[in-house]
Amino acid sequence: MPAVNALTAAITLNSVTAGNQGDAKIAARPDGGFAVIWESAEGGGNIVLGYFDADGAAQGAAQTVGGASALEEDPDLAIDLQTGQMGLAWVQHTAINSDIVAATSGPLGTSNVAVDALNLADSNPAIAVGANGQAIASW
C-alpha cells in the first residue's frame, strides 16, 4: 500500500470533548472552505454542523442542526459547488420510529422535513443536491 501523507495539520472540529464525537462527513464549499457534519453525544445525541475556511479555521461556532429531543445519528452532507446550496440528512430515533430527516440550507432557501416518518428502522441516509437547489435523499 502506498504511503499516505496528510494534506494539512489536524484540525479540531469541536470544542466539546466529553462523550463520543464521530461519524463525520465533509463537503467542499464554493468559496474554497468546507463544511463538516458529525454526531455529538452533547445534549443526548445531536447532529452538529461546522463551517471552516480553506485554511481550516472555524467560521463561527458549530451549531446543532437537528435539535430534537431524540437520539440523532448517521449524518450525511452534500453541497452544490455552483450555488452553495447544502443538503443534510440524518436519522432521528423516537420512542416509536427511526425517522429520516432531511434539510436544505443556502442561498436558494432553507427547509427541514421528516422525509420518512413511517418506518420503524430507517438508517444510513445519503443526500445529494442539484444545481437547481433541490435535494434528493435515499436510505
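## Basis of the model

Residues are numbered from 1 along each chain as its sequence is written, and side-chain values use heavy atoms, with hydrogens and water left out. As the model is predicted, local features need pLDDT of at least 70 and side-chain atom pairs count only at pLDDT 80 or more, while totals for chains, interfaces and linings use all residues.

Strands are DSSP runs (E, at least two residues), numbered from the N terminus.

## Strand pairing

Two strands pair if DSSP finds at least two bridges between them. Strand S1 (residues 21-28) runs antiparallel to S2 and is joined to S2 by 6 bridges; Gln-21 has Ser-40 of S2 as its bridge partner. The hairpin of S1 and S2 has 5 residues between the strands, and in this hairpin Gly-32 takes a positive phi near 95 degrees.

S2 is also joined to strand S3 (residues 46-52), by 7 bridges, and these two strands run antiparallel. The bridge partner of Trp-38 in S3 is Val-48.

## The aromatic pair

A pair of aromatic rings is described by the distance of the centres and the angle of the planes. Rings of Phe, Tyr and Trp (its six-membered ring) pair if their centres lie within 6.5 Å, and planes under 30 degrees apart count as stacked. The structure holds 1 aromatic pair. Phe-34 and Phe-52 form this stacked pair, with 5.2 Å centre to centre and 15 degrees between the planes. The pair links distant parts of the chain, since Phe-34 lies in S2 and Phe-52 in S3, 18 residues apart. Both Phe-34 and Phe-52 are buried.

## The largest pocket

A pocket is an open set of points on a 1 Å grid over the protein atoms alone, with protein on both sides within 12 Å along at least five of seven lines; lining residues have an atom within 4 Å of a point. The largest pocket is lined by 17 residues, of which Leu-13, Asn-14, Ser-15, Ala-61 and Ala-62 lie nearest its centre. S3 and strand S4 (63-64) are the elements that give two or more residues to this lining. S3 gives the most, with 4 residues.

Methods. Rings of Phe, Tyr and Trp (its six-membered ring) pair if their centres lie within 6.5 Å; planes under 30 degrees apart count as stacked, over 60 as edge-to-face and the rest as tilted. Buried means under 20% relative accessible area, exposed over 50%, partly exposed in between (1.4 Å probe, protein chains only). On a 1 Å grid over the protein atoms alone, a cavity is a set of points where a 1.4 Å probe fits but cannot get out, and a pocket is an open set with protein on both sides within 12 Å along at least five of seven lines; lining residues have an atom within 4 Å of a point.
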